Amino acid sequence: MEEHLEKMISREKTEAELEEPPGSRLNWHNQLGNRITETDVKNLRVPFAITPYYFDVISKSEALKKTMMPSEQECIIKPEELRDSLGEEHDSPVKCIVHRYPDRVLFLATNMCASYCRYCTRSRIIENDIIDIEEDWDKGLAYIREHKEIRDVIISGGDPLVMPDTNIEYLLANLREMEHIEIIRIGTKVPVVMPQRITQDLIDVLKKYHPLFMSIHFTHPDEITPEVKRACNKLADAGIPLGSQTVLLKGVNDDAEIMKKLMHELLKIRVRPYYIYQADLVAGTSHFRTPIEKGLEIIEKLRGWTSGYAVPQFVVDLPAGGGKVSLVPEYFLYKDGNKYHFRNFEGKRYSYQEA
Ligand code: SF4
């Protein structure tokens, strides 16, 4: 019993240590204000900036360093690569809206992130294309208000969680006032690169606007630190369903064991693995791209071999605005009359007879 109490007390201490005393390096304003921005590499297509917290994380991880530290390879532009690889500008009726699918829109709330990923799909807007909070947001909200077929809004950017609580609340409150908006999603990497941002004040804002979902951009198991665990647990405790999005990156996470470990660690902190993305055809990112077979191989080594909840969808976001397609390894072999023949995850053959 005493030992149990001791354990509880020492856990409380750890939780308290992870809180963000005002003025300390743990405070998120200081993390943003003291980002590391110096680099020797010139003419970058994506700005270089990284929070002190995440710099410590990548310093201990050769894999994660590749995702954040600029490289001369970014100057190599392949013919198939594009500035706007997903053709989002074509589907943008007003500046901060991308309306591609019938019942949902993307709301690009800001052009800023806490730390910049070298493979970013939205490199064309981040820290270049200033989004005016009054003018552009109001036009975006007016568009959603007028389009009653929209039932789902994904707030992204840049990273919406770098904004002050008041701005986040302004957006959420305006969306919640619209009766046709059923769900709101936030797409973010902040819980990973600046987990100090997940304060009680932010939680108090977010939980007023349910049903609210959060898609968190994770890359590698080395990102799952005590700080990230605490941030995700706080979000989950506030009733926010959490899902992960991971870009498949050469030399970083293109390995079934690494992906399996990441998916298991995510489930332990109540983040449901959602998507593994094939890297987009973004200008200057060919050194990160894997063959599509690599993604299928990873799914094949997860499906059946571990919990179904740990198996995300592998998707290719088609260039020029084609949208996402989900790829799965082929388990169906052939049909013989009304009998279907399959192989299972171990390669053994089985059949299913239809009525
Ligand atoms: S967090 Fe997202 S938007 Fe920001 S740099 Fe990384 S990939 Fe791009």
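This is a predicted model: local features need pLDDT of at least 70, side-chain atom pairs count only at pLDDT 80 or more; totals for chains, interfaces and linings use all residues.
Strand E6, covering residues 242–248, lies parallel to strand E7, covering residues 271–278, and seven bridges pair the two. One of the residues to look up here is Leu248, whose bridge partner in E7 is Gln278.

On we go to strand E8, residues 313–318, which pairs with E7 in the parallel sense over three bridges. Tyr275 has Gln313 of E8 as its bridge partner. Here too there is a right-handed β-α-β unit, made by E7, helix H11 (residues 292–302) and E8.

What is the sense of the pairing between E8 and E9? These two strands run antiparallel, joined by five bridges. Leu318 finds its bridge partner, Gly323, in E9. Four residues sit between the strands of this hairpin, and Ala320 takes a positive phi near 60 degrees there.

## The sheet as a whole

Stepping back, the strands belong to an open sheet of nine, ordered E1-E2-E3-E4-E5-E6-E7-E8-E9, and the pairing is mixed. Which strands stand at the edges? They are E1 (97–101) and E9 (323–327); each has a single partner strand, so one side of each has no neighbour in the sheet. From one strand to the next, the twist averages 25 degrees.

## Around the ligand

If you plan to look at the ligand, these are the residues that surround it: Cys113, Tyr116, Cys117, Cys120, Arg122, Ile126, Gly157, Gly158, Asp159, Lys189 and His217.

Helix H3 spans residues 52–59, and its buried residues are Tyr53, Tyr54, Val57 and Ile58. Why do these four count as lying on the same side of H3? They cover an arc of only 125 degrees around the axis, and therefore share one side of the helix. The face turned away from that buried side carries the exposed residues Asp56 and Ser59.

Gln196 belongs to the loop between helix H7 (190–193) and helix H8 (200–206). Is Gln196 buried or exposed? It counts as buried because it has 25 C-beta neighbours inside 10 Å, and the cut-off for that label is 20 or more. In space, the C-alpha atoms of Gln196 and Val228 are 8.6 Å apart, while in sequence these residues are 32 residues apart.

Glu38 has its place in the loop between helix H2 (28–33) and H3. This residue is exposed, because 6 other C-beta atoms lie within 10 Å, where 12 or fewer is the cut-off. Glu38 and Glu81 are 43 residues apart in sequence, and their C-alpha atoms are 27 Å apart in space.

Notes: Residues are numbered from 1 along each chain as its sequence is written. Two strands pair if DSSP finds at least two bridges between them. A crossover is right-handed if, with the strands pointing away from the viewer, the path from the first strand over the helix to the second runs clockwise. A residue is near a molecule or strand if its C-beta atom, placed from the backbone, lies within 6 Å of it. Axes are lines fitted to C-alpha atoms, for helices over the stretch in contact, and angles run from 0 to 180 degrees between N-to-C directions. The arc is that of the directions from the helix axis to the C-beta atoms.
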